[in-house]
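Here is a short briefing on one structure.

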Amino acid sequence: MISNKPLNVEEPKWDRCTRNGFLRVGNKRVPFHTLAPLITSYDYDFIPYFDNLKQHPSESTHARMMTFRMFELHNTLKPLLQSIYQTTLDGKLAYDFEKDVIETTPILIDPCMEYTWYSQYRKILSTNKDTPIEVRKLAKRILAIVTKVEKGELTKSEGYVKEKIEYEKFWLGLAKDKRKLSDVVTKILDLQNSMRADIGLPPVPAVYSPELLEVTKQINKIAQAVWVGENCATYVVLTPQWLKSEALVDLLIDYLKSVDSKFIVLKIKNLELDKVTYVYQRRMFKKILEAVNVVKQNDEEKVFMLLEAGYQMYPAITGGFDFVSTSLRALDKDGGGFSPDSEGYGGFFSPKHLVVLPWRDVKIMFANGGLKCSCEICRGITSIPSKDEWNVLRRMHYMLVVSRMLEDVNKFVLDQKIELAIEKLSLSELSNFKRMLPYIS
Ligand SMILES: [Zn+2]
């Protein structure tokens, strides 16, 4: 047995496509409609996160949950866990506040096995000591193919085919080798448990075919047996192509309806449903939201979470998911980075437009009287800060405005007025999301 914390839904109250209430996992209790920010670095994410909780507790009530990536633990959660029980010279705990947060805030640690398929963090995965050796070796083998393409020894398409063969050989083979599979799953869940994760996340691959969905099912099944307790999630990571096929979406829905676990986590990589032409994909996402609602209405104990939600954060949480995770930059697509005219200043999440405004627009705002936001952070910014300050402050701003926004969703449900979420979407730059909410549009 790895971990066994009872998991329960408390005080559920519905308004059509969403519900209020609380998740209790062990001794921790968190309201639905909560953002679990992805903490990727100590200085830019972790410290600002704690600063907000400390200085603006009543504005952060719907952000008291945390997500980490397994290969970044050495730079995020690990150093904190090592320091929170240290005492000062006068015998007091040096990190009293942080200790309290860790002991009351649900933690998720994402194995991020999709980076055996996606290139963004493959190199880190190939050397990261917390990653099981079998997975590191797979990442190394695929990197060797990439190098051959770079050197011109293989064409791009030859390289792609070889990468795909290597990737599928590993994951399909793992599903057949019970001993190796159980070994990999146990190592990864053990690490999550030792890092105080409250919800176990099985090491599932990025799925683009029915065969890989079967592998995911197998891994989730083994994980439930290894973890034993109620607090191990069923986890599915999809490539965005999945939403281009109704047959595949139906396969996913059948699976979501059949699983026993109470906590179900979905991640759709690089999701960009805001693109105007993605009419079909938006319809498929709505179909998933409808299925999530059906599952929850049939069994009140089921809880759903969407990771790397990006711009889909708001419709996801108002349309069926209980929890969402995004980075504190509001963007979750792999790649990107600063545009040449940003001068190293990141964009600003507009609570009205629900998208990230580029730095050139923010500068115009500063020239015209300041940031158009009334949050605790923005009220304190009267002139253009330094790059480093700005890149911390914009994250703190994002956390506070999203927390407030999700608190408002709770109020909509209380007043039986969830259609106000549609109004908010209509007034934003994401108005094409307004038809995605089930039952009300
Ligand atoms: Zn603000």
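**Sheet, core and positive phi**

Glu11 is found in strand E1. The model is predicted. Glu11 has a positive phi of about 50°, although it is not a glycine.

**The sheet around E1**
- Three strands make an open sheet, ordered E1-E2-E3, with antiparallel pairing.
- Strand E1 (7-15) and strand E3 (28-31) are the edges, and each pairs on one side only.
- From one strand to the next, the twist averages 10°.
- E1 and strand E2 (residues 18-25) run antiparallel and are joined by seven bridges.
- Val9 has Leu23 in E2 as its bridge partner.
- H14 packs on this sheet and touches E1, E2 and E3. The direction of H14 makes about 120° with that of E2.

**Positive phi: buried or exposed?**
- Glu11 counts as exposed because it has 10 C-beta neighbours inside 10 Å. The cut-off for exposed is 12 or fewer.
- Ala330 also shows a positive phi, near 75°, and is a residue other than glycine.
- Ala330 lies in the loop between strand E12 (323-324) and strand E13 (348-349).
- Ala330 is buried, because 23 other C-beta atoms lie within 10 Å. The cut-off for buried is 20 or more.

**The largest nonpolar core**
- This core has 125 residues. Val185, Val265, Met305, Phe321 and Val324 touch the most other members.
- Helix H14 (residues 387-414) gives the most to the core, with twelve residues.
- Val265 touches Leu201, Ala233, Tyr235, Met305 and Leu307, leaving aside residues up to four places away in sequence.

Terms used: Residues numbered from 1 in each chain as written. Predicted model: local features only at pLDDT ≥ 70, side-chain atom pairs only at ≥ 80, totals over all residues. Core = buried A, V, L, I, M, F, W, Y, C linked by C-beta atoms within 7 Å. Helix = DSSP H or I, 4+ residues; strand = E, 2+ residues; numbered from the N terminus. Contact = placed C-beta atoms within 7 Å. Pairing = 2+ DSSP bridges. Axes fitted to C-alpha atoms, helices over the stretch in contact; angles between N-to-C directions.
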